[in-house]
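Here are my notes from a friendly first look around. I went through helix packing, then aromatic rings, then charges over rings.

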Amino acid sequence: MLLDFGKLGILKWVLITLCILVALFLILPILFIVALSFGDSRWLIFPPPGWTLDWYRDLFADPRWFEAAWTSARIALSVTVLSVVLGLLASIALVRGRFRGRELLRAIFLMPMILPVVILAVALYILFLRLGLDGSFAGFVIAHLVIALPFSIIAITNALEGFDPAIEQAAILCGASPWEARWRVTFPAISHGLFAAAIFSFLASWDEVVLAIFMASPMLQTLPVKVYTTLRQDLTPVIAAASTLLVGLTLVLMILANRLGRRRSA
Amino acid sequence: MIPPFLHINGLRKTYGPVVATEHVELSIKEGEFMTFLGPSGSGKSTTLYILAGFQDPDTGDIRLRGRSILGVPSHKRNIGMVFQRYTLFPHLSVGENVAFPLRVRRLPQAEITRKVRRALELVRLGGFEERKPASLSGGQQQRVALARALVYDPPVLLMDEPLSALDKKLREEIQYEIRRIHRETGVTILYVTHDQEEALRLSDRIAIFNAGRIEQVGTGAELYTSPATHFVADFIGDSSFLDGTIAAVEGRCADLRLGDGTLARRIPLHAPGRPGQRAELMLRPERIELSPDPGPDGASLPVLVQDVTFLGNITDVVALTAWNAPVTVRLGFMHPLSGRLTRGDRLWIRWAAETVHAFPRD
């Protein structure tokens, strides 16, 4: 191969150094936060003078943190379910459908990804004020669904495009009704796409903050909003502890997604 | 009168302005192996897809044992089908793939196990139950697909170019398997292919499709010895055609004036012709003789050897007539001239009048 890595000579070491620097740049802030969450300095001094689990104790002692996490989880799970179901239906239309304006429709579905989130947030906020959905659970779910759906549609259309419709036709000739064929053959065959859609949808909602700030009310706020408001009121290592747990869950989900992807290609 | 087992009646299907099939008319006997042969876009696959219920015809009817199946949705037609592409369910094992039609029909587990084993043994893949489709070769996958299509004993099995993705050697091997399975099960098979050799090897009868219509239906031998149209003559066997003009008509035979003035006498006509009309003389490569000497008057032509291709058991010779029209002659391995010909040799082609045909031009 022209760009054989082993034959690049000095350039090879330049590339390796660059990769390490980029990785450090991405990972260090996270490692800092994790370290600070275990540090015993109230003023977030780095490196920490000593180690403690106090901040985690404080975190778990305060029911408002737990409440926020529970709200986040409920919203994220609702978004996940809706996003996968709607994403699947939309993907079937986009991949299998033969109608005018299909490409336009695809572009519209992906629009929330390129639209600045603040603009989306303001627009939804105004709309929800009129509809009386502001500060409500449904409002939260709908707002997060808007940003989760594009991820879901991308993951599922990709999986569906790699699935030969003749396989579904074969199932139908075997005696399965069209919906039975989809349920027993098509959906299991694209399950890796559905899982990816679920994980990305969950994460899109779970760590989303901009929309959540607009949608939140004193009665209803998600974990990222709680982190943000706490941060503004008083700078405490409890935030680092909360962030560490957030990162931890995200990491677990990403590893899960990666595993699923690898099993599929194996 | 007993209605035919499967009757396709006046089928017509258009896609916008494009006519896919027209006037498709065919009766198939129970247990028959019928092949739809034709070039791509000739309407053979469309006809098969209408049978499967994936497409609806504009007009016409299909009757199975006297009852129309057009109103019956695909999944209730109880028809088996093997597709051109690999269509095994990727997330299910081989055994579960074959069991799928039985599970959909809610058969008891004991019967499913028994039938799956029997179907896999039929395609010589006994013991493959636990394997995943991705671990099988293309030929094995199509055999599992065949087992899956036969496991519920459908009255009709459709096969849409099932071997076109396989290499030649494997293809011949599975053709032999398909023949055996047809013999053992007695299932009625409708088989689509564009490969004439495959059609001849497998079929009881062949329907030749061209431009959306059936040109001729018959056994391989019938199509070969008495092609009804120029297209059939061209498609079955690699015939050469020489342009000529009808000089005289006598009953169903005609004398043809060829390009260099030679008169080919008493050639069977395939359609009514009249003197002065242009016509084509069809020569089968293996039925004409190559010789250093001219034959009887009116049944031979001088030619110049242009190209010699040794193909093992046969040798194909392309020779040019005096007016530069190519004629292919096929020599057997034991032929006295085999292995002695070179480009530029001057020889004669000779034929017996009953082995050639003339097709008057419109």
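Predicted model: local features only at pLDDT ≥ 70, side-chain atom pairs only at ≥ 80, totals over all residues.

**Helix packing.** I began with helix α8 (residues 178–189) of chain A and helix α2 (residues 94–104) of chain B, which pack at an angle of about 145° with their axes 13 Å apart. I looked up the handedness of the crossing of α8(A) and α2(B), and it is right-handed. Which residues meet here? I found A:E180, A:R184 and A:V185 in α8(A), facing B:F100, B:R103 and B:V104 in α2(B). I sorted the residues of this contact into three nonpolar, no polar and three charged.

Buried or exposed? I checked A:F202 and A:W206, and both are buried.

Then I turned to B:F36 and B:F209, whose ring centres are 5.0 Å apart; their planes are at 45°, so I wrote the pair down as tilted. This pair links distant parts of the chain, 173 residues apart: B:F36 is in strand β3 (residues 33–37) of chain B and B:F209 in strand β9 (residues 205–210) of chain B. I found B:F36 and B:F209 buried. I also noted one aromatic cluster formed by B:Y49, B:F54 and B:F83.

**Charges over rings.** Last, I saw A:R182 over the face of A:W179, at 4.5 Å from the ring centre. In chain B, the charged end of B:R105 sits over the ring of B:Y152, 4.1 Å from its centre.

Terms used. Residues numbered from 1 in each chain as written. Chains lettered and ligands numbered in written order. Heavy atoms only, no water. Axes fitted to C-alpha atoms, helices over the stretch in contact; angles between N-to-C directions. Helix = DSSP H or I, 4+ residues; strand = E, 2+ residues; numbered from the N terminus. Left-handed = near helix turned anticlockwise from the far one by under 90°. Contact = heavy atoms within 4.5 Å. Nonpolar A, V, L, I, M, F, W, Y, C, P; charged D, E, K, R; others polar. Buried < 20%, exposed > 50% of the residue type's maximum accessible area, 1.4 Å probe, protein only. Phe/Tyr/Trp six-rings, centres within 6.5 Å; stacked < 30°, edge-to-face > 60°. Lys NZ or Arg CZ within 6 Å of the ring centre and 35° of its normal.
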